[in-house]
Number of protein chains: 6
Amino acid sequence: MARYGPQFGPDVTFLGVPRCDLTDPSTFADADVVIVGAPFDGGTTHRPGTRFGPQAIRTTDYLPHDSSRPSLALRTDGLVDLRIYDAGDVEMFAGDVVTSLAGLRTEVAKVAGAGAIPVILGGDHAVTYADASGVADVLGHGRVSMVHFDAHADTGDIEFGSLWGHGAPMRRLIESGALRGDRFLQIGLRGYWPGPETLGWMAQQRMRSYEMTEIVARGLPECLTEAFAIATDECDGVFLSVDIDVCDPGHAPGTGTPEPGGLTARELLDSVRRICLELPVVGVDVVEVSPPYDHADITAALANRVVLEALSAIARRRRGDAWDPRQPLLDGR
Amino acid sequence: MARYGPQFGPDVTFLGVPRCDLTDPSTFADADVVIVGAPFDGGTTHRPGTRFGPQAIRTTDYLPHDSSRPSLALRTDGLVDLRIYDAGDVEMFAGDVVTSLAGLRTEVAKVAGAGAIPVILGGDHAVTYADASGVADVLGHGRVSMVHFDAHADTGDIEFGSLWGHGAPMRRLIESGALRGDRFLQIGLRGYWPGPETLGWMAQQRMRSYEMTEIVARGLPECLTEAFAIATDECDGVFLSVDIDVCDPGHAPGTGTPEPGGLTARELLDSVRRICLELPVVGVDVVEVSPPYDHADITAALANRVVLEALSAIARRRRGDAWDPRQPLLDGR
Amino acid sequence: MARYGPQFGPDVTFLGVPRCDLTDPSTFADADVVIVGAPFDGGTTHRPGTRFGPQAIRTTDYLPHDSSRPSLALRTDGLVDLRIYDAGDVEMFAGDVVTSLAGLRTEVAKVAGAGAIPVILGGDHAVTYADASGVADVLGHGRVSMVHFDAHADTGDIEFGSLWGHGAPMRRLIESGALRGDRFLQIGLRGYWPGPETLGWMAQQRMRSYEMTEIVARGLPECLTEAFAIATDECDGVFLSVDIDVCDPGHAPGTGTPEPGGLTARELLDSVRRICLELPVVGVDVVEVSPPYDHADITAALANRVVLEALSAIARRRRGDAWDPRQPLLDGR
Amino acid sequence: MARYGPQFGPDVTFLGVPRCDLTDPSTFADADVVIVGAPFDGGTTHRPGTRFGPQAIRTTDYLPHDSSRPSLALRTDGLVDLRIYDAGDVEMFAGDVVTSLAGLRTEVAKVAGAGAIPVILGGDHAVTYADASGVADVLGHGRVSMVHFDAHADTGDIEFGSLWGHGAPMRRLIESGALRGDRFLQIGLRGYWPGPETLGWMAQQRMRSYEMTEIVARGLPECLTEAFAIATDECDGVFLSVDIDVCDPGHAPGTGTPEPGGLTARELLDSVRRICLELPVVGVDVVEVSPPYDHADITAALANRVVLEALSAIARRRRGDAWDPRQPLLDGR
Amino acid sequence: MARYGPQFGPDVTFLGVPRCDLTDPSTFADADVVIVGAPFDGGTTHRPGTRFGPQAIRTTDYLPHDSSRPSLALRTDGLVDLRIYDAGDVEMFAGDVVTSLAGLRTEVAKVAGAGAIPVILGGDHAVTYADASGVADVLGHGRVSMVHFDAHADTGDIEFGSLWGHGAPMRRLIESGALRGDRFLQIGLRGYWPGPETLGWMAQQRMRSYEMTEIVARGLPECLTEAFAIATDECDGVFLSVDIDVCDPGHAPGTGTPEPGGLTARELLDSVRRICLELPVVGVDVVEVSPPYDHADITAALANRVVLEALSAIARRRRGDAWDPRQPLLDGR
Amino acid sequence: MARYGPQFGPDVTFLGVPRCDLTDPSTFADADVVIVGAPFDGGTTHRPGTRFGPQAIRTTDYLPHDSSRPSLALRTDGLVDLRIYDAGDVEMFAGDVVTSLAGLRTEVAKVAGAGAIPVILGGDHAVTYADASGVADVLGHGRVSMVHFDAHADTGDIEFGSLWGHGAPMRRLIESGALRGDRFLQIGLRGYWPGPETLGWMAQQRMRSYEMTEIVARGLPECLTEAFAIATDECDGVFLSVDIDVCDPGHAPGTGTPEPGGLTARELLDSVRRICLELPVVGVDVVEVSPPYDHADITAALANRVVLEALSAIARRRRGDAWDPRQPLLDGR
């Protein structure tokens with residue numbers, strides 16, 4: 001079988017969805033969504049372990065792995081209402097970031113080229129360069145905006161002698177022209193990095209970065225609404241990149257560079273739902289889940305739910321009817 | 001001595017309160033509250049370990065086990081102001097759910113029959129069938145409403161070939177007539193279970209289930225106020241069932257089926273206080289605490305505080321004077 | 001699909017060996033070995049978690065799950081040289097030990113009836129009643145001897161009101177006539193259980209139990225040689241039951257009833273190899289692996305290697321040529 | 001070298017700031033801030049381990065230890081804009097609280113005497129007696145107010161036969177006259193300690209203690225504003241003492257006496273920023289971080305950020321220009 | 001009740017043995033053994049946590065806490081065949097080593113004075129000064145020899161400014177004359193402490209210290225036999241002090257100063273059995289068990305078994321008949 | 001300062017030894033030993049984390065970091081009797097194995113070129129290619145033999161598309177001619193890797209690999225003696241490479257590819273001592289310590305002791321007098 005399967009552990013798919021083989025276009029020709037694992041932690045500047053992220057995100061759930069997940073909140077079943085396949089992992093050797101990212105970019109572009117939404121399971125944030133580039137290679141450079149949840153701007157330059165570490169993908173995406181700086185929305189930044197020089201570069205690119213003090217002062221819903229308007233201005237689609245460290249370490253300890261003072265898990269899930277309901281999402285990645293630092297699988301479970309929340313909302317958006325979060329559960333449909 | 005004591009570990013009582021023996025009615029004839037351990041995890045569909053819940057909830061506290069806990073918030077000492085006994089654990093063999101639940105139901109009914117409030121320390125949520133049935137056996141089927149904190153509806157049908165798993169007790173309680181479906185209030189549901197069929201059954205029973213998106217959109221206090229009105233309509237008492245997984249996994253990792261996006265510990269404690277202050281509580285259980293998955297005992301400590309918050313508020317309700325949460329601590333009494 | 005797959009987690013097989021379906025005899029008609037998961041911890045008297053044992057034993061390995069494991073020591077590849085299938089898990093509800101064991105016994109007998117060696121992955125030790133009975137049902141009651149590695153004799157009577165807990169399977173096997181007491185060899189007993197009455201019963205059955213002080217004083221190889229002679233006297237085959245707690249807790253912390261002072265992992269692996277090389281093994285189980293109490297997967301890895309060591313040695317025994325442990329690795333074949 | 005360095009582990013400084021030697025005044029004559037480690041857990045009444053707090057707070061960060069931390073929120077670099085030295089640890093033998101506290105008090109007074117702000121890294125809360133006394137010894141008894149974040153009032157009397165445990169420092173500070181009871185502001189109290197007698201004593205001292213129910217009912221910002229007015233009335237400076245257990249155990253599990261229902265990490269960081277921006281802080285301590293009970297270093301990381309937030313805000317306050325939390329990050333300076 | 005009970009946690013006794021009260025001699029007048037908890041970690045120079053040792057050693061067992069433990073190896077039931085009481089813990093404030101040790105010494109002497117064997121559960125090794133002094137105060141200074149299992153000589157002098165740390169008790173015992181240096185047998189030393197000066201002092205005292213290279217080269221049984229001869233020469237009784245760190249960290253991770261390369265758990269248990277069978281033991285302590293650093297309770301379980309092995313062997317020695325470790329279990333009595 | 005210092009965490013040296021700067025030859029011109037950190041885990045095929053190995057090995061010790069460690073066994077103080085410097089870490093970006101190894105090789109050669117013994121702290125085993133090549137570049141290709149402790153042969157070919165993973169360094173060393181295959185001694189191999197093809201290649205190179213069954217059957221001392229004879233035949237020096245996974249996972253859980261059934265920690269330490277006493281060691285590395293998977297630092301402590309045992313024995317070998325392991329400690333010098 002040409003299909004690679006997972007790089008680490010047994011050959012399983014996201015909660016049991018069918019497999020596809022990226023070397024055989026017929027296996028995903030009708031896909032709405034294709035899940036791709038990016039088991040890479042060679043770009044990490046601190047705690048590694050995200051190589052085990054794809055497998056953990058695929059399998060961390062207490063329910064049967066039966067390819068069905070009816071959302072209570074949205075009354076859709078993302079895994080049933082959408083045609084979803086799991087392509088397994090792209091082979092990514094930690095010791096060779098350049099080759100690894102190139103391979104990933106090619107595979108993501110195949111998915112986008114087939115008209116499906118790629119949902120990439122990281123891996124450290126270095127993979128987002130490949131993820132978003134792969135989508136933009138198909139949809140057009142400059143035609144895709146970015147909504148980026150993270151504690152960190154990830155707009156750094158060379159680190160440890162490399163252009164390609166997990167602190168730099170957003171700079172590379174903008175420098176390469178794949179994405180426009182002025183359609184780059186960042187949510188949840190905080191802490192003590194980067195310094196003034198990099199912030200100056202970001203301002204020059206006309207990025208819009210919501211630091212946590214602004215979010216607390218203005219309220220997250222207001223910030224999101226503002227960001228959504230920018231994201232859909234002159235762009236055809238939105239890439240959603242979720243670094244799990246946007247959440248407070250109490251909610252997501254299993255990550256490499258935890259920064260206290262972040263969103264709650266609830267806030268992240270509510271935000272992801274809104275984005276996928278309200279915006280034309282063309283790609284998603286969920287990154288920086290590091291199982292060796294997790295406890296009782298709570299970080300992996302959160303990442304699994306971020307994926308499901310996105311899929312459920314994409315399915316609901318396609319269904320087209322209105323959704324009211326205030327509606328009682330048992331009145332719903 | 002007829003008293004069984006704890007099934008696992010040494011013979012201790014909840015923070016040192018006196019013991020009683022359910023085979024000797026004279027030992028708890030004057031009780032306001034009787035604590036009963038239900039060390040059972042044979043009903044769990046995923047991570048076990050709640051058999052150690054009763055012992056963990058009884059003992060996880062950094063203060064002396066001296067049978068006194070003055071509440072700062074309420075200015076009562078639940079363990080002193082109420083007559084409380086700990087009956088030890090009911091013998092529950094994990095491998096025999098039917099016999100175990102029957103035994104527990106009988107013992108809980110003894111407590112209720114003596115006019116005391118049973119406070120049951122679980123165990124997985126399967127025990128709530130026995131807990132609430134035992135109370136209803138005494139107070140009358142259909143005369144007790146339920147306020148149920150949980151991430152999950154627990155209204156499923158046969159799982160792993162059994163009617164009695166921890167995903168089904170609420171269905172069994174309503175089907176048996178012990179509790180009325182239309183006086184069944186659920187707070188905190190979320191995630192991807194159950195599916196439409198079960199939700200349809202729930203709607204038919206006229207249950208009222210507050211999913212987290214509704215709670216976030218409307219605010220928890222408003223939802224509680226609405227639920228309280230239903231709970232006290234044509235019912236003589238309220239059973240409070242707290243599944244610790246109603247809290248976010250970041251606040252309660254030590255549980256079997258953690259679902260991201262839940263309440264904070266603070267919200268749960270505030271809710272339990274309000275319920276026990278404002279409603280005629282006739283039974284309480286705290287379930288699904290699984291010490292093997294806990295870290296630094298934070299889940300067990302939370303469950304211990306849920307019990308104390310309930311006892312403190314019951315004591316305050318009996319004292320009868322008004323309580324204002326805005327009053328400064330050192331002005332209080 | 002009739003095949004059940006694993007009860008918990010995704011549908012995977014032991015290191016990638018092919019699947020079979022116990023409801024379809026044609027799928028394992030040519031099998032040498034069939035692996036069966038017994039995800040049951042309802043019989044445990046203390047720490048649970050062995051329900052996750054089968055999945056952990058199947059997957060805990062740092063090598064690709066490619067259905068090949070060439071043994072350095074034996075120069076066989078058990079997964080290649082033998083025809084091995086994995087039947088998935090038997091459905092076992094923790095809360096119903098009687099039904100669960102009955103179902104398992106039936107499935108194991110199917111495997112034995114097809115002429116294959118069942119290798120059962122526990123689960124707590126209660127499953128061994130079903131495992132060995134299922135084999136004896138086919139090969140004849142009294143025709144199979146037992147070599148039993150354990151810290152505990154597991155010959156207790158009723159516990160927590162049940163005949164079927166994990167402390168009793170060996171008594172049930174002998175009482176039922178499935179196995180002969182005088183062909184029951186126990187290795188590694190120690191500690192403070194059972195008491196004189198049970199030991200008296202064991203002596204009456206003419207069991208041969210090697211306590212650790214005897215093993216230390218005489219040497220493990222001598223004890224094994226003596227035991228082998230008994231095991232093959234008037235019996236047609238040997239069932240090998242390995243309770244991982246036979247090893248010292250330092251080597252196998254992830255178990256429910258750890259007893260200090262046991263074998264090293266090395267001694268266990270060396271013993272399993274000898275048994276499967278020298279004796280006509282007709283069934284194997286590996287039990288009491290409890291992942292929630294494991295650290296860095298070392299207990300699960302040990303159990304995985306116990307299975308591989310058994311399979312490698314069975315393959316080598318079938319090849320028929322002599323094996324010398326003193327032979328240098330690179331001279332070997 | 002006279003400088004002691006850390007009591008446990010290698011000789012490192014807070015994120016690489018320069019060292020100073022408290023026995024040589026010239027080494028810190030120009031200091032704005034001097035960091036002092038207080039590696040003492042002999043005062044703890046429950047879980048120990050805070051002796052490793054100073055080292056953990058100094059080093060838990062994923063960024064290079066390069067003595068620079070530009071704050072995104074405040075656009076200052078506390079480690080660069082202020083002259084900061086790390087004096088290493090004061091030698092504190094756990095088994096001798098009296099000698100240990102006396103030594104610490106002397107060293108803190110040296111720092112205050114040099115006109116610098118001492119930032120003490122605990123250690124259990126017993127050290128605050130020495131910390132605040134040392135500052136008051138220089139600035140005048142009764143001239144320094146206290147803002148105290150904690151789950152516990154720490155105003156107990158003799159425990160385990162000692163006046164000096166970590167439950168008593170606030171009583172000792174007021175009794176000794178070092179601090180005024182009516183300028184003692186406590187934020188975040190909750191739970192079941194102390195009892196009425198101690199609360200009566202506190203009321204007599206005219207302390208102002210904000211219990212969590214009051215904070216939830218009124219809002220944290222309003223409570224802080226009220227407290228700030230008291231703290232600056234007739235006092236020359238404010239000592240800020242942060243017991244990490246003011247946060248919910250989900251956000252700060254690594255502590256000795258965790259009390260559910262506390263602040264979020266975000267709320268604590270926002271509060272510390274406001275205090276150091278708006279009040280004349282003359283001393284800071286961060287205590288009760290117990291690494292043995294931490295997970296993935298999240299508690300240590302939070303404490304490190306509490307220190308950085310304080311330093312950043314002190315630097316910003318000295319710069320003197322206004323700060324608006326609503327200002328977009330990339331418009332800022 | 002005068003009895004103090006445990007300093008931390010609920011009031012339990014060692015595996016359920018009866019309580020006694022050291023303030024009431026009638027409660028232990030007939031005792032063979034009195035268990036005393038010494039919950040002290042104020043003497044530790046590195047990782048603390050041994051304050052929780054007594055409680056962990058008392059309760060870490062998977063069997064019922066029923067005051068009976070029939071030894072398989074020895075065919076005695078130490079808890080039944082001997083009259084054993086548990087006096088609870090001596091109050092020991094970590095912050096005051098001098099007062100704490102004085103109190104402990106007094107209590108131990110009460111036990112010895114009543115003709116019973118004190119079995120002290122530590123606590124860090126500082127407590128051994130009090131333990132052995134208390135026994136020698138009754139039996140005569142110089143009349144008691146010491147068999148001391150440890151990775152460390154514990155003959156250091158002042159550390160962190162104190163004479164009383166856990167690195168020094170053996171020096172204090174010899175200097176004070178309580179014990180003779182030339183009847184001081186140390187087993188299991190290794191590593192990189194102390195230096196030549198202290199070793200010189202030890203040689204001057206004519207101590208006999210078996211370093212691990214000697215033990216490996218000569219064999220542990222031969223070393224023990226040699227040591228036993230010294231221990232019984234001109235002494236009336238033997239004090240057995242077991243620092244759990246004599247075992248390899250793989251077997252006993254839960255300790256403060258782990259030194260790789262130690263005994264196995266099996267070797268320690270075999271040694272303790274021999275000592276208590278062959279020598280006139282007059283006191284025992286088991287120290288340096290630090291639960292916060294333990295995993296799956298394996299260190300606490302080992303310490304519990306060290307106590308049981310000692311009690312079982314003391315009971316067997318009193319019975320007086322010969323014991324052959326080579327005897328098959330089921331032939332035994 | 002040109003010196004890089006550690007790549008992760010604060011700038012510390014091995015137990016406080018002086019620093020040197022590899023860009024300034026004068027700083028280590030007189031060195032006997034130079035310690036070099038190789039914080040690289042980009043070559044790992046399974047669990048990462050060895051990037052934190054150098055820092056953990058440098059600092060994991062309960063004694064003061066005072067650059068002195070008197071060996072009880074050998075009566076030398078390796079850190080005092082030898083001139084030892086710590087050069088800090090070589091910058092190694094996980095995502096670029098080729099550049100990283102090239103940089104490390106150059107630095108190691110600098111050390112060897114100065115006549116000092118490089119002691120490299122890994123890092124995953126990929127670094128050994130650079131370590132041994134760097135030494136051979138100075139001492140001559142083919143002039144250095146290898147003694148290699150490991151569970152794995154590490155003679156694999158391309159994995160994950162790379163020649164340079166941690167499963168291949170030994171093949172690369174032999175293929176490149178840096179080391180001779182027939183002077184390559186491997187101790188401790190076991191398990192299920194590599195397959196026949198690779199074993200055939202190894203046999204062709206005339207490597208000598210001691211699998212664990214041979215070691216158990218013949219005894220480790222005899223195997224070592226045999227190996228030593230080969231290692232010193234026609235070679236000028238010996239490189240000692242210790243993969244910590246040569247030990248059983250119970251003794252060294254904190255590693256990436258744990259293989260049950262290995263050496264005890266004691267056996268490894270005894271072997272390292274013998275090698276450095278009896279052979280002309282010219283380079284040492286200690287690799288595969290992965291702190292994220294460690295518990296209570298036992299693996300890091302073992303690796304620290306492997307380094308100290310090597311240094312102590314090198315010092316003793318240079319002193320030149322005989323050493324008898326049977327000599328009592330207090331008679332020694």
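Good morning. I begin in chain B, where strand β1 (residues 33-38) and strand β2 pair in the parallel sense over four bridges. Within that pairing, V33(B) stands opposite I84(B) of β2(B). Please keep in mind throughout that this is a predicted model.

In which order do the strands of the open sheet in chain B follow one another? The order is β2-β1-β3-β8-β7-β4-β5-β6, eight strands with parallel pairing. Two strands stand at the edges, β2 (84-89) and β6 (208-211) of chain B; each has a single partner strand, so one side of each is left without a neighbour in the sheet. On average, and with direction ignored, neighbouring strands of this sheet are turned by 15 degrees against each other. As background, strands of a sheet pair through backbone hydrogen bonds, in either a parallel or an antiparallel manner.

Helices of chain B lie across this sheet. Helix α3 (residues 97-113) of chain B lies across β1, β3 (117-122) and β8 (281-287) of that chain, and runs at about 175 degrees to β1(B). Helix α4 (residues 127-139) of chain B lies across β1, β3, β4 (144-149), β7 (237-243) and β8 of chain B, and its direction is at about 170 degrees to β8(B).

I turn next to chain C. Here strand β1 (residues 33-38) runs parallel to β2(C), and four bridges join them. One position to look at is V34(C), which stands opposite Y85(C) in β2(C). Is strand β2 (residues 84-89) of chain C largely enclosed or largely open, and why? Six of its six residues are buried, so β2(C) is largely enclosed by the rest of the structure.

The axes of helix α3 (residues 97-113) and helix α4 (residues 127-139) of chain A come within 7 Å and cross at roughly 40 degrees. The two helices are therefore oblique to each other, and α3(A) passes α4(A) in a right-handed crossing. Among the residues that meet there are L101(A), L104(A) and V108(A) from α3(A), and V127(A), A130(A) and V138(A) from α4(A). By class, the residues of this contact of α3(A) with α4(A) comprise eleven nonpolar, three polar and three charged.

L224(A) belongs to helix α8 (residues 220-231) of chain A. Is L224(A) buried or exposed? It counts as buried, because it has 21 C-beta neighbours inside 10 Å, and the threshold for that class is 20 or more. Leaving aside residues up to four places away in sequence, L224(A) touches S271(A) and R274(A). Its C-alpha atom is separated by 19 Å from that of S312(A), a residue 88 places away along the chain.

Finally, I come to the contacts between chains. Chain D places 31 residues in contact with 26 residues of chain B. On the chain D side, α6 (196-204), β6 (208-211) and α7 (212-218) each supply at least two residues, and the largest share, six residues, comes from α7(D). That side of chain D has 16 nonpolar, ten polar and five charged residues.

A further contact takes 26 residues from chain F and 31 residues from chain E. On the side of chain F that touches chain E, α9 (265-278) and α10 (298-319) of chain F are the elements giving two or more residues. The largest share of that side, five residues, comes from α10(F). Its residues divide into 16 nonpolar, five polar and five charged.

How values were computed. Residues are numbered from 1 along each chain as its sequence is written. Chains are lettered from A and ligands numbered from 1 in the order in which they are written. This is a predicted model: local features need pLDDT of at least 70, side-chain atom pairs count only at pLDDT 80 or more; totals for chains, interfaces and linings use all residues. Axes are lines fitted to C-alpha atoms, for helices over the stretch in contact, and angles run from 0 to 180 degrees between N-to-C directions. Angles under 35 degrees count as roughly parallel, over 145 as roughly antiparallel, 65 to 115 as roughly perpendicular and the rest as oblique. A crossing is left-handed if the near helix is turned anticlockwise from the far one by less than a right angle, and right-handed if clockwise. Two residues are in contact if their C-beta atoms, placed from the backbone, lie within 7 Å. Ala, Val, Leu, Ile, Met, Phe, Trp, Tyr, Cys and Pro count as nonpolar, Asp, Glu, Lys and Arg as charged, and the others, Gly among them, as polar. Two strands pair if DSSP finds at least two bridges between them. A residue is buried if 20 or more other C-beta atoms lie within 10 Å of its own, exposed if 12 or fewer, and partly exposed in between; C-beta atoms are placed from the backbone.
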